[in-house]
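Okay everyone, thanks for making time.

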Amino acid sequence: KIESFIYSTFTFIFMVDLEERLIQRIERGEEIDAAEAFLIASGVKTQKQIEQYKQKLQQIKDGFHATIGTPATHRVLDRAEAYRSDYRELPDDTEALTGFLLHEYLWDTKLNRYNSEFLFPRVIDNQLSDSTEDVGDCIGLVCLYHTIGNLVPITTVPFIRDDHIYLHQRT
C-alpha cells in the first residue's frame, strides 16, 4: 500500500508540475503547442505520454497525407465541386481545400464519429482503433481536428457559442 501511495503522490506532483509549467508559459505569453495543452488538460501525467500521443497524432496526419492523390481523394474533390456548385462557397484556396479534405478523411475513416468521449487521449486512441467507430464528442473532435490541422498545416480557431464548441478554419 505504501508503494501505491508513493507512486500516486509522485504522479500527482509531476502532473501538477506539467500543468503549472503550461500555465506559466501561457502567462508569459509564450507560444504553446495545442496538442500538449489538450493532453495535459485531459490528465496526461508524463512528458513521455505526451510524446507517445504526439506520435499517434503524426500517424493520423500521415494517414491523411497518404490519401492525397489517390482515387479516394479524387472522389472527395468531385464532392467538393458538387458542394461548390450546390450550396457552399469553397474558395480556390489550397488551405481551404486541404481543410475540406482533412474533414472528409476523418469522416470517411470513422463514419459514426460521435460519442460522449471528451478526453483527448481517448479520442486519439478511438480514431486509431480498429475496434470502434465512435471517436469523441464535440470537444474531443474539435481538439483532434485542430491538432491534426496544425500538423497539415491549416489554420483553425476553436470557439464556443451557445454551450457548444466549434472550429473555424481561416482562409
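When I say two residues meet or are in contact, I mean heavy atoms within 4.5 Å. Helices here are DSSP runs of H or I, at least four residues, numbered from the N terminus. Quick caveats: this is a predicted model, where local features need pLDDT of at least 70, side-chain atom pairs count only at pLDDT 80 or more, and totals for chains, interfaces and linings use all residues. Residues are numbered from 1 along each chain as its sequence is written, and side-chain values use heavy atoms, with hydrogens and water left out.

So, which residues of α3 meet α7? On the α3 side we have L57, Q58, I60 and K61, and they meet L144, T147, I148 and L151 of α7. The axes of α3 (residues 47-67) and α7 (residues 138-151), lines fitted to C-alpha atoms over the stretch in contact, come within 10 Å and cross at roughly 70°, on a scale from 0 to 180 degrees between N-to-C directions. That's why we call the pair roughly perpendicular (65 to 115 degrees).

Now the largest nonpolar core: buried Ala, Val, Leu, Ile, Met, Phe, Trp, Tyr and Cys joined through side-chain atoms within 4.5 Å, buried being under 20% relative accessible area with a 1.4 Å probe, protein chains only. Of its 26 residues, those touching the most other members include L57, L102, L144 and I148. The largest share, five residues, comes from α3.

L102 sits in α5, where it is buried, as are F100 and L106, among others. Beyond its neighbours within four places in sequence, L102 contacts F64, Y145, I148, G149, V152 and I154.

Technical notes. Helix = DSSP H or I, 4+ residues; strand = E, 2+ residues; numbered from the N terminus. Parallel < 35°, antiparallel > 145°, perpendicular 65-115°, else oblique. Buried < 20%, exposed > 50% of the residue type's maximum accessible area, 1.4 Å probe, protein only.
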